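Work through the two exercises below with the model open. Each task is followed by a solution in steps.

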Amino acid sequence: MKCKVDIVYSPDMSTKRKQPLFEARVPAGFPSPAADYEEDKLDLNRHLIKNPAATFFVRVAGDSMEGAGIHHGDLLVVDRSLETRDKNVVIAVINGELTVKRIRIKKNKITLEPENANYSAHQITEDAEFEVWGVVTNVIHQL
Amino acid sequence: MSKEIFALVDCNNFYVSCERVFEPKLENRPTVVLSNNDGCVVARSNEAKALGVGMGVPAFEIADLLKKHNVEVFSSNYTLYADMSGRVMQTLSTFTPDIEIYSIDEAFLNLAGFSCSLADYGRKIQQTVKKWTGLPVTVGIASTKTLAKIANHIAKCSPQAKGVLDLAGSAYLDKALEQIPVEKVWGIGIRSAIKLKRAGFATARDLRDADISWIRSKFGVNGVRTVYELRGICCYQLEDNPPAKKSICVSRMFGRAVETADELKEAIASYASRAGEKLRQKHLAAAAMTVFVTTSRFIENRYYNQHTIEFAVATNDTRELIGGALTCIDSLFRKGHQFKKCGIILADLVSEDRVQKSLFDSIDRSKSRRLMQAVDAVNTRLNCPLHWAAEGLNHPWQVKFKRRSNRCTTRWDELLEVA
């Protein structure tokens, strides 16, 4: 299956860009010594998105996760298909609200921890409506 | 003959469910999605159904009900729904390569030869789609497509099924067919249903046990196929190769009545421009174009008309398409009418690399192609795309999506925000 296209945008077939693997011309019979080593281009989409069907981009609002290198306005790559593990940074739903926090799972206790001293951790009580929406796999931060 | 097994996977209240993925607080709240121009109800959450909100009801008729029960109301966000649909289909295709996308929210899967428990596999499909995309689906499994539809229907209504029902070789098949009124059987239209009921066939089971020669004489070969399918004899295979597009259509309702030729031309020019983009995305060119205009169907002074032109050389150049569309409007426009909708259909499509050239062609085709590629390239990169002058600027005729949610899977500036 072709998988070069990032999930959030439909593949753009409007232009044709031919990218031959061998660029070097061979005018007189001496091949470029580099031609054999030429590889396909690096594709950030493929690098960042393992499962396109389950991957969503989310924009960060606020500073509660600055300690984890997640700043206001950053772009998060979120994979819903991953199983949640202790210490994952996740997008969680608590009582209908979405939030990004680090999840701690200890025995039967689930806590959502911010990474900013101005915020406090939130332990999930039994009566709370709680769900992990997706696991954050990457932060894209513009410098 | 190896036994066929089909699963029909269907998203529950698809449009509403899409909205809920990105706004979890809508869960358990009555929610409806309205059609273009916020006209009619096109999707309802179970809570809204329970309040008695009917499918297809005009929004103004139930405005009080919606307000009284604090129902969440959305304009349709087709961009989002199409993207989510693609994700569901992509997820389903990890379970079997044999998949037929039947509609935006339904797919048939061929599970023949799977040795595991089909009900368990159906459950796994349901759980995976839910986890990956956030969307709830119902899975009906049976030995024919018609029976899979029925299995799906029962799975949706029955609390015990929890959204998955395997009727293949099930001892409950007779019972299941008894529950299904004959008009709910896949392929039975309203007229056939009336005829059948008059002849005493009330349920799917009655129809299954009907006399084949009688069915053939009354309903032809398609009726016979339906009966065979109900008997578990597969007559319809997956259609996995959707036929190549034979035409491209762009048409929209206006946000308000359009009465001047100028506005009608602006609208048709922007549809032509959109149709051109669609053509070029698929590397096609069109040799014929039909433009139609219509007033509302519900007024006295009704007017519908269409005009077709042919291009000497098949084209996907927006300038030519707009030119053709404007000529059509000139011959279609009648003063004194309140137009409600217009549209453009491009037909006689050929691959853009196989266009029959003309000796007397006055257009430099390769130059035209480069220009269109440049325009498309610019437009994919800019938030504020290039427009053709004929499209006008303000589009006062355009449909308003007053309560549309963000297109959070296709627009950088509309992404989901999380604190």
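**Exercise 1.** In this predicted model, describe the polar contacts and the make-up of the interface of chain B and chain A.

Solution. 
1. Start with the polar contacts: 15 residue pairs, both members at pLDDT 80 or more, meet this criterion across the interface of chain B and chain A.
2. Next, locate the chain B side. Two or more residues each come from α1 (14–22), α4 (78–92), α5 (118–133), α11 (261–281), α13 (365–381) and β13 (416–418) of chain B.
3. Sort the residues on that side of chain B by class: twelve are nonpolar, ten polar and twelve charged.
4. Check for salt bridges. With a cut-off of 4 Å between side-chain nitrogen and carboxyl oxygen, zero are found between chain B and chain A.
5. Then take the area: the two chains bury about 3,000 Å² between them, with 56% of it on carbon and sulfur atoms. Trp132(B), Trp412(B) and Val418(B) supply 23% of what chain B buries against chain A, more than any other three residues.
6. Finish with the strands. β13(B) runs parallel to strand β1 (residues 55–60) of chain A, joined by three bridges; in one of them, Glu417(B) is the partner of Arg59(A).

**Exercise 2.** Which strands of the open sheet in chain B stand at the edges, and why is one side of each left without a neighbour?

Solution. 
1. Write down the order of the five strands, β5-β6-β1-β7-β8 (chain B), with mixed pairing.
2. Read off the ends: β5 (99–103) and β8 (164–166) of chain B each have a single partner strand, so one side of each lacks a neighbour in the sheet.
3. Examine one pair: β1 (residues 6–11) and β6 (residues 106–110) of chain B are antiparallel over five bridges, and Phe6(B) has Asn110(B) as its bridge partner.

Notes
Residues are numbered from 1 along each chain as its sequence is written. Chains are lettered from A and ligands numbered from 1 in the order in which they are written. This is a predicted model: local features need pLDDT of at least 70, side-chain atom pairs count only at pLDDT 80 or more; totals for chains, interfaces and linings use all residues. Side-chain values use heavy atoms; hydrogens and water are left out. Buried area is the accessible area (1.4 Å probe) that two parts lose on being put together, summed over both. A polar contact is a pair of N or O atoms within 3.5 Å; within protein, one must be able to donate a hydrogen and the other to accept it, and residues adjacent in sequence count only if both atoms are side-chain atoms. Helices (H or I, at least four residues) and strands (E, at least two) are DSSP runs, numbered from the N terminus. Ala, Val, Leu, Ile, Met, Phe, Trp, Tyr, Cys and Pro count as nonpolar, Asp, Glu, Lys and Arg as charged, and the others, Gly among them, as polar. Two strands pair if DSSP finds at least two bridges between them.
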